[in-house]
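Subject: The structure I promised you

Hi,

Here is the structure we talked about, followed by some notes to read with the model open next to you.

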Amino acid sequence: MTASHPSCGPLRRFGALTRSERWKEPGMNTPLLHSRLPIVAAPMAGGPSTVALARAVASAGGFPFLAAGYKTPGTLAAEIDEVRTLGVDFGVNLFVPPKGPVDEAGFAAYAKELEPEAEGYGLVLDPVPVTDDDRWGEKLALLTEHPVPVVSLTFGLPDRADIAALQKVGSRVLVGVTTPEEARLARDAEVDGLVVQGPDAGGHSATFDPTRTPDPVETASLVRQVLGVVDLPVIAAGGVEGPDTVRRLLDAGAQAVAVGTLLLRTDEAGTSPTHKRALCDPTFTETVLTRAFTGRPARALRNGFIDRHHDTSVNAYPAVHHLTRALRQAAGKAGDTDRLHLWAGTGWRNTTSGPAADVVRHLAEGT
């Protein structure tokens, strides 16, 4: 199931300038990102975001991101060094450490429930929750000692001092938000800009409150709501299906549009073969927000694991992530789409194989 993208023709004009040119004009909103096209490669932790993907996105004029989540500081440092050689601005995304205790009894009950899933792969699940901060302090130290142009933060707000430390070394700091209230909190923390994520986005929701399931709302509407209460530059994310969606989000007031799902099947993405096959498998008919795989709301293709455990899953990220990680890894290697976390946004039907640069250019048509 492959498709080709139309070649980029002349850009549609808005007055004297294209929208791509306008977003960089002095006095028309300070540019948050510096790239030729207002298309951002959303950071996708766990494998899909690679240096090769960053290179391809940059080559087409988009803005590349690296995903620091789940990586060691050493691995992240090596990737940053490689992307620096591209000679373009780029960003690094960090997971903000979770807050609050884990319901140990609820976690143990969920681990017990998942035992039959694990037994098929000869795995034993630990009923004692494992939590961590994704080596936040080490990654923050790396980015303050070796600054990058942009740092985005997901899952909430860290201490104001951490934001200030990144800004002091010259990084522009963005925070993912899912409501106008979160946008106000981010503004009060003096961030440089926002990534407004609608609930149609694939993978983890950026919601500050992991016990909350994001309300259904179109991303363009959410962008307008956010811009109605804060005066910060915005990147829009979630539910991108093609160039028409990009134009709607830019018209809503976003400076740029972040795209993740539509890059998952591209040649340069590190998406697992099992995940890539699922994205073009007609037996999958919908996506849902679920905590079943990681203990935090995330949008995925609906499969058997979700059907069996969605209603009993617990709010315990990253403990549930660690609980199911070996099972998910085994499922991926075995080609088992019934037990794999198949992250996907609502635009997943429009994913294509081929060069990522083609996807970026296609999405920017008419901007």
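Helix α9 itself covers residues 243-251, and its buried residues are P243, T245, V246, R247, L249 and L250. Buried here means under 20% relative accessible area, exposed means over 50%, and partly exposed is in between, using a 1.4 Å probe and protein chains only. Helices (H or I, at least four residues) and strands (E, at least two) are DSSP runs, numbered from the N terminus.

Some ground rules before you go on. This is a predicted model, where local features need pLDDT of at least 70, side-chain atom pairs count only at pLDDT 80 or more, and totals for chains, interfaces and linings use all residues. Residues are numbered from 1 along each chain as its sequence is written, and side-chain values use heavy atoms, with hydrogens and water left out.

**The cores**

The largest nonpolar core has 73 residues, and the members that touch the most others are I80, V92, L153 and L194. A nonpolar core is a set of buried Ala, Val, Leu, Ile, Met, Phe, Trp, Tyr and Cys residues joined through side-chain atoms within 4.5 Å. There is also a second, separate core of 20 residues, which includes F107, L114, F293 and F305.

**The rings**

Now for the aromatic pairs: the structure holds six. Rings of Phe, Tyr and Trp (its six-membered ring) pair if their centres lie within 6.5 Å; planes under 30 degrees apart count as stacked, over 60 as edge-to-face and the rest as tilted. F155 and Y317 make an edge-to-face pair, 5.4 Å centre to centre with 75 degrees between the planes. F155 sits in the loop between β4 (150-154) and α6 (160-168), and Y317 in the loop between α11 (304-309) and α12 (319-334), so this pair ties together parts that are 162 residues apart in sequence.

F293 and W343 are another edge-to-face pair, at 5.9 Å centre to centre and 90 degrees between the planes. F293 is in the loop between β10 (287-290) and β11 (298-301), while W343 is in the loop between α12 and α13 (356-363), 50 residues apart. Both F293 and W343 are buried.

Back to F155, which keeps turning up. Ring pairs link Y70, F95, F155 and Y317 into a cluster. R296 lies over the face of F155, at 4.0 Å from the ring centre; a charge sits over a ring if NZ of Lys or CZ of Arg is within 6 Å of the ring centre and within 35 degrees of the ring normal.

Most residues other than glycine have a negative phi, and most peptide bonds are trans. F155 has a positive phi, near 85 degrees, and is buried at 6% relative accessible area. R135 also has a positive phi, near 55 degrees. R135 lies in the loop between α4 (104-119) and α5 (136-145) and counts as partly exposed, at 38% relative accessibility. A cis peptide bond joins Y317 and P318, with omega about 5 degrees.

**Two loop residues**

Is G345 buried or exposed? G345 is buried, with a relative accessible area of 3%, and lies in the loop between α12 and α13. The C-alpha atoms of G345 and T261 are separated by 5.8 Å, though these residues are 84 residues apart along the chain. P282, in the loop between α10 (273-279) and β10, is exposed at 71% relative accessible area. P282 and R361 are 79 residues apart in sequence and 27 Å apart in space, C-alpha to C-alpha.

Have a look around and send me your questions!

Cheers
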